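Subject: Structure for your files

Hello,

The structure you asked for is below, and my notes on it follow. Please read them with the model open beside you.

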Amino acid sequence: MFRCDRLAIRRGTFQLGPLSASVEAGQVVVVIGPNASGKSTLLGMAAGVLPSSEGMVQINGQPLAKCDLASRAAMLAYLPQQPARDLELSVERLVSLGRLRLSSSPELIEEAIEEFELSEIRHRAVSTLSAGQAQRVHLARIWAQRDAESILVLDEPTAPLDPRWADRVWSLLARHAQNGGVVLVSVHDIAVAADVGDQAWLLANGSLVAAGPAGDVVQPDRLAAVFGAQFEWVVRRNGSAWLVNSGPSAEKADSVHSVDGSR
Amino acid sequence: MSRLRIRGFCAAIVIALIGVAVLRVLIGRNPLSGDLSLAWPDVSWRSFRLTAMIAGGLVGGALALAGTLLQASLRNPLASPSILGVSSGAGLGVMLALYVSHITGVPSPGWMFPAVVGAGCAVVLVLLLGRRDGWPDPVSTILAGVIIATMCGAGMVLLQGLVPEGLRGQFLSWALGTIPEVLPRSALPVLGGIVACGVAWAIWFSGRLDALLLDHGSAVSIGAAPGATRLICLVLAGALTAVTVALCGPIGFVGLVSPHVARRLVGPGHRLLVPAAVLCGATLVVGADVMRQAIDLGSGRLPVGVLTTLVGGPFFLWLLRRGGRHVSM
């Protein structure tokens, strides 16, 4: 189990927390909230990259801060919002860095390269790639680092990706969770958050406003209060419900079919 | 880059180094007639030339290693040993010793001791001022280094105005760098030991050095311990530079250019980059010392630092113009 226990940090005038939440294995947790609500800060602290001023992160009851580097790398992999792109390192080398402190495994590195379709560009410098390609390389590095029970902490992983690759990444993350891992991921697209998340943490002004099953947290009225925008469920042609942002006022709601907040 | 091509480049560097090393032993100039000769030296000259050849190779290798470690740890392609303020600190130490000796009449302790003390103080100050969350921060370290170097430079100028012209001349010739032909018995083993340990450490931890090029979050996540690795790099680079400056004075551009040349030849991975940069640095300094022997200005020899700067500067600009992408990390 992955647990954030009274995590808090103060940076200038911004205060995040103290907040507590936990995740069971096998779940995808989406972290949502307006700009500057503290999503990236929370993920940085959860990954042990950003030192918190109080509280701790625990994995299976063990404080993350007390784990040695190799254990940490085995238990948790982190992708920041803007990973370094101006790198002369080759794609293959960057992916292999995921195994830096872990047992060398050419098979896992090869699997990651194949999974993210990087074979043809494996010898190219990362700096020569597009933003989307570079993001796939960093995701492949995470993929090479993880094992079945790893916790993946990802800050807007699909932001630079095209729709096909975004869908592919969400499928891979869901598969990782199904195999016993944990995915903690921030996302700006509320519809995607509602679609992919098993659990959701809703942040506003550095506080955890709501945490629980995604279906309970990602509700139009709750989101309206936090984001200052209107959200409504619409029914797609295939019959599934999809959450859409209907704008700052409720007037646009006439153009969509509301299902009264239920999925 | 194919392995065959990399091996070819490595072989070329090694051959070039052997070539300039042999030339350094063979080349000589008669101090009385000024005639240039190219022959195996007799016993009376041999140890001088061998000392200069080995010292040049070790100094070049040390500066190149320091530059490679600094460029990786500070994530800055323009980082070089001078950025830590080491050379300026050593210069201020030497100038201060000369000034104190001048006003008190106590004999100066020579160049090495005050240079090492000055360089060491500068490194410690830069590391202390460049800390953030307890570990060296690249941007803060660079800023601290620039400020310390500037302050030490101002101190040197001030002290130069307070000593007689003869002492000032001696200092200026030291400040341009010279490969010595006579050294204390322990100097070369000490420098060689530091370089060997530094190269071994850098190759052993080449993965961590590669990881330093990543953003902080990714580097921490893969277990690279960027803070501790960065601190070791800076301390090692500071020690390497301090010892070379104490032995030879500041020699410019070697630490900046060598890693870039090596990066073009063998790529950015530190497992190959470190030894390649060390070989490039050694070749550059020994080669410059050979040129220094060959060039006769009629009124004494050029300091080797002038040659490395005159050759290294335009070469670096050529690299920059030829492929800006390669003058990066």
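**The two sheets of chain A**

In chain A, strand β1 (residues 2-11) and strand β4 (residues 54-59) run antiparallel and are joined by 5 bridges. Within this pair, A:F2 stands opposite A:I59 of β4(A). Please keep in mind throughout that this is a predicted model.

Both strands belong to an open sheet of 4 strands in chain A, ordered β2-β1-β4-β5, with antiparallel pairing. Its edge strands are β2 (14-23) and β5 (62-63) of chain A, each of which pairs on one side only. Helix α1 (residues 39-46) of chain A packs on this sheet and touches β1, β2 and β4 of chain A. The direction of α1 makes about 125 degrees with that of β1(A).

The loop between β4 and β5 of chain A holds A:N60. Most residues other than glycine have a negative phi. A:N60 is not a glycine, yet its phi is positive, about 50 degrees. With a relative accessible area of 61%, A:N60 is exposed.

Chain A has another open sheet, with 6 strands in the order β6-β7-β8-β3-β9-β10 and mixed pairing. At its edges are β6 (76-79) and β10 (207-213) of chain A, each pairing on one side only. On average, neighbouring strands of this sheet are turned by 15 degrees against each other, direction ignored.

Strand β8 (residues 182-186) of chain A is worth a look. Is β8(A) buried or exposed? Of its 5 residues, 5 are buried, so the strand is largely enclosed by the rest of the structure. In a regular strand the side chains alternate between the two faces of the sheet. From β8(A), A:V182, A:L184 and A:S186 point one way, while A:V183 and A:V185 point the other way.

Strand β7 (residues 151-155) of chain A runs parallel to β8(A), and 5 bridges join the two. Strand β3 (residues 28-32) of chain A also pairs with β8(A) in the parallel sense, over 4 bridges.

Helix α9 (residues 220-227) of chain A lies across β3, β9 and β10 of chain A, running at about 30 degrees to β9(A).

**Helix packing in chain B**

Two helix pairs in chain B are described here. In one of them, helix α7 (residues 187-204) and helix α10 (residues 226-248) of chain B pack at an angle of about 155 degrees, with their axes 11 Å apart. α7(B) and α10(B) are therefore roughly antiparallel to each other, and their crossing is left-handed. On the α7(B) side the contact includes B:L191, B:I194 and B:W201, and on the α10(B) side it includes B:I232, B:L236 and B:L240. The residues of this contact divide into 11 nonpolar, 3 polar and no charged.

The other pair is helix α2 (residues 43-73) and helix α12 (residues 270-294) of chain B, whose axes come within 7 Å and cross at roughly 140 degrees. α2(B) and α12(B) are therefore oblique to each other, with a right-handed crossing. Among the residues that meet are B:G56, B:G57, B:G60 and B:G61 in α2(B), and B:A277, B:G281, B:A282 and B:D289 in α12(B). By class, this contact has 12 nonpolar, 7 polar and 1 charged residues.

B:S218 lies in helix α9 (residues 216-221) of chain B. Which residues does B:S218 touch, not counting residues up to four places away in sequence? They are A:P80, A:P83 and A:R141. At 0% relative accessibility, B:S218 counts as buried. From B:S218 to B:G153 is 65 residues in sequence and 38 Å in space, C-alpha to C-alpha.

B:D133 sits in the loop between β3 (131-132) and β4 (135-136) of chain B. The phi of B:D133 is near 55 degrees, a positive value in a residue other than glycine. B:D133 counts as exposed, at 68% relative accessibility.

Regards

Definitions and conventions
Residues numbered from 1 in each chain as written. Chains lettered and ligands numbered in written order. Predicted model: local features only at pLDDT ≥ 70, side-chain atom pairs only at ≥ 80, totals over all residues. Heavy atoms only, no water. Axes fitted to C-alpha atoms, helices over the stretch in contact; angles between N-to-C directions. Parallel < 35°, antiparallel > 145°, perpendicular 65-115°, else oblique. Left-handed = near helix turned anticlockwise from the far one by under 90°. Contact = heavy atoms within 4.5 Å. Nonpolar A, V, L, I, M, F, W, Y, C, P; charged D, E, K, R; others polar. Buried < 20%, exposed > 50% of the residue type's maximum accessible area, 1.4 Å probe, protein only. Pairing = 2+ DSSP bridges.
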